[in-house]
Amino acid sequence: MPTKIEKDAATGQMTTGHEWDGIKELNTPLPKWWLYTFYATIVFGIVYMVLYPAWPSLSDHTKGALGWTQRGELAQKMEAEQQRLAPIMARIEATDIADIRNDPELMGYVAAAGRVAFADNCAGCHGAGGAGAAGGFPSLADDDWIWGGTPDQILQTVSYGVRNANENSRINDMPRFGVDQLLDRAQIDDVAEYVLAMSGTATDAAAAERGAAVYAENCASCHGEKGEGIVDLGGPRLNDGIWLYGGDKASVVHSITYARRGNMPAWAERLDPATVKVLAAYVHALGGGQ
Amino acid sequence: MHGQIDTVEKPPAKPSAGKGAKPAPVAMTADDLPLYANRVKVYPKAVKGLYRNLKWAVLAFCLTLYYVMPWVRWDRGPGAPDQALLIDMGAPRAYFFWIEIWPQEVYFITGLLVLGAIGLFLVTSLFGRLWCGYACPQTVWTDLFMMVERWIEGDRGARMRLDQSPMSAGKLARKTAKHGVWFLIALATGGAWVLYFNDAPTFVVEFFTGQATVQQYFFVGLFTASTYLLAGWAREQVCTYMCPWPRFQAAMLDTQSMVVTYEKWRGEPRGKTKGAVPPDGFGDCIDCGQCVAACPTGIDIRDGLQLECIGCGLCIDACNEIMTKVGRPLNLVRFDTEANQLARACGQSTGWKPVRPRTLIYAGVLTVVAAVMLTALLLRTTLEVNVLRDRAPLYVTLSDGDIRNGYTLKILNKRREALTFQLSVTGIEGARLVVQDVGETAGGGTVPLAAAPDKVETFRVFVIAPPAALAQESNPIDFVVEEPLSGDRDAYDAVFVGPHKTQRK
């Protein structure tokens, strides 16, 4: 209940004028440091509201005197970062890819920038570190290259991609031997055995022998007489242990019957030339570059 | 609601305590002690004597060491900093005269801290809180700040009067001068701290020409502010409330530890008596209060050893000054052991046993840690090899069926000369070693790797092995790096991963 506001004898402090069961409450002031800090935060808050975006409206918000936005700050930082990297990116753009590969300083940059660009753009299909993935996503770390593993060949492939609309795109189309009835089932079976024999995994020697003639007539023009592959035509090598679509007989039969036609975008259409070069140099250094 | 309110006895009128005045002495039990008490500002009185001189000497030594050390030069040859004591965060290296520490060897610093802690235990169990009273930076700078304060505002009485007097031009001038000098000392302290992390002559020029970095100015500001606050304002509160050491240092003390103590047996009962021989019924203590006035933490040593006592011995000097005037025996307050005090009280012979199980254990641990550190320092290698295996891809199958693993190999060349190391791998039969863009070898040969002085060199390394040589999925492989001329050698045990065994045909 309210009582008189009076001075407490013991402490010299005023009471609040409230009393509960004989207990009166002292009106002890807030500590000065606390109070001043509190005032300072109020001043800070007002200044902040004037300078920065603060109040929402139905469709917009106050802009603040500084015109600051989080997006603007990000854009500024990105701009500054690009400015910072501009000299080395210009050098990379002006340097031949083979020379980049031999320049330790540029390769130091490629190792860092390439890893990021690769993870952003390439790893989705080719896997982290260029490990490749089952189902037609080639490993970029091994020494088997469908379109060539020299720096220039890799740069060409990265720039223009494979089987896309770009006029410089790498293109070759394997005929659908089974679907289009170019070969009958027995012939496909025989030639599959013959292809497997090239890497020593055939199980039917007689069939493989029969397949030799079929291979020479239908396959050798792209895949090479001995299955060594023809890089200029993009004809994959068949006589090694690396299989893009599986090396068991069923997979090989499927490949011959339906043909496989993987795609890759033309990265020159999406990325700036220096980044494309960085990617090519990075891929070349993954371990399989020639 | 109560029908009646008890009449409360009016408490005794509060003594009109001015700011800083000592509260009236009241006999208090533990239950009476308030949980919170406002700080009573301490105005330590100037004293002269042995311990004061010792304290000045230690203060001068510590401050000289602190301000001068960054300027000591030490030639390490071209390309290396010539500052004897330097922690270079950017490099990152720490230099201590002829010793150079890499971040990988930070355990040397851990060892120093361990040595410091155990040394503190040993000294405390022998001589009490010598560290607190003489060498602790808090004590040294507080003493320095008090000296300035005394010089500008006068001694205890003058300072108390000044604080109680209303603001005047004279008071303002003195206060401004005091805080100005404090600030300059604090700035010199904060500045000198940063010198240990930067080349001193370069930094001083940069600092005053505005060319230092924001971080450098920030840290100078930070240490300036903390010095000013801790030594100017917080003072004994740091020791009493902030520092953990006083809370557990008592665990190092026993009856044979030398501590500042009051000879209660001959001082009591105290009384304001005169003459060389106290009258009957009184002890030697004339209750002049000088020991309290001199105490930098504002305690009464006659209450016995207490948490707040930093063991500086200034009360001893204060008491001896008075005792000399009165003509009574000196050292009524003295450095002594508890056992000796008991012996003296009973008139028995005194002695001091510095060799006790406690001190032996501390000294033993100190020796062991020091020996371990010294051995580690003497056996410190100048070559270290680290190998990190690629995780993606785990391994690569090459067109001829061989398996390839990729590694990142780092050579830490801690020597100040360019060296050519020889890299080889062992553990896998027929393994081929390829260092990207450097060279390759097969059949147990080596690849030469050039390393610049005092640098970490990074190499991409591929190891290619025929599948037949792989006994299991994960195979041990050793990378060995040797420098033939110096005989430096380091090896790294890594693994070589091949296809899962069940997947192979």
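Tutor: The radius of gyration is taken over C-alpha atoms, and the globule rule is 2.2 Å times the number of residues to the power 0.38. This is a predicted model, in which local features need pLDDT of at least 70 and side-chain atom pairs count only at pLDDT 80 or more, while totals for chains, interfaces and linings use all residues. Residues are numbered from 1 along each chain as its sequence is written, chains are lettered from A and ligands numbered from 1 in the order written, and side-chain values use heavy atoms, without hydrogens or water.

Student: What is the radius of gyration of chain B, then?

Tutor: Chain B has 34 Å, whereas a compact globule of 505 residues would have a value near 23 Å. Along the principal axes, the C-alpha atoms of chain B fill a box of roughly 110 × 70 × 60 Å.

Student: How many helices and strands are in chain B?

Tutor: Chain B has 15 helices and 15 strands. Both are DSSP runs numbered from the N terminus: helices are H or I with at least four residues, strands are E with at least two.

Student: And what share of chain B is buried?

Tutor: Buried residues make up 41% of the 505 residues in chain B. Buried means under 20% relative accessible area, exposed over 50%, and partly exposed in between, with a 1.4 Å probe and protein chains only.

Student: Where is Asp437(B) placed in chain B?

Tutor: Asp437(B) is in the loop between β10 (432-435) and β11 (439-442). At a relative accessible area of 58%, Asp437(B) is exposed. Its phi is near 65 degrees, a positive value in a residue other than glycine.

Student: Which peptide bonds of chain B are cis?

Tutor: One of them joins Ala91(B) and Pro92(B), with omega about -10 degrees. Another runs from Ala392(B) to Pro393(B), with omega near -5 degrees. Pro92(B) is in the loop between β1 (85-88) and β2 (93-96), and Pro393(B) in the loop between β6 (383-389) and β7 (396-397).

Student: Is Thr273(B) buried or exposed?

Tutor: Thr273(B) is buried, at 11% relative accessible area, although its place is in the loop between α11 (264-267) and α12 (290-294). Not counting residues up to four places away in sequence, Thr273(B) touches Pro279(B), Phe282(B), Ile286(B) and Arg328(B). The side chains of Thr273(B) and Arg328(B) make a polar contact at 2.8 Å. Such a contact is a pair of N or O atoms within 3.5 Å; within protein, one must be able to donate a hydrogen and the other to accept it, and residues adjacent in sequence count only if both atoms are side-chain atoms.

Note on methods:
Contact means heavy atoms within 4.5 Å.
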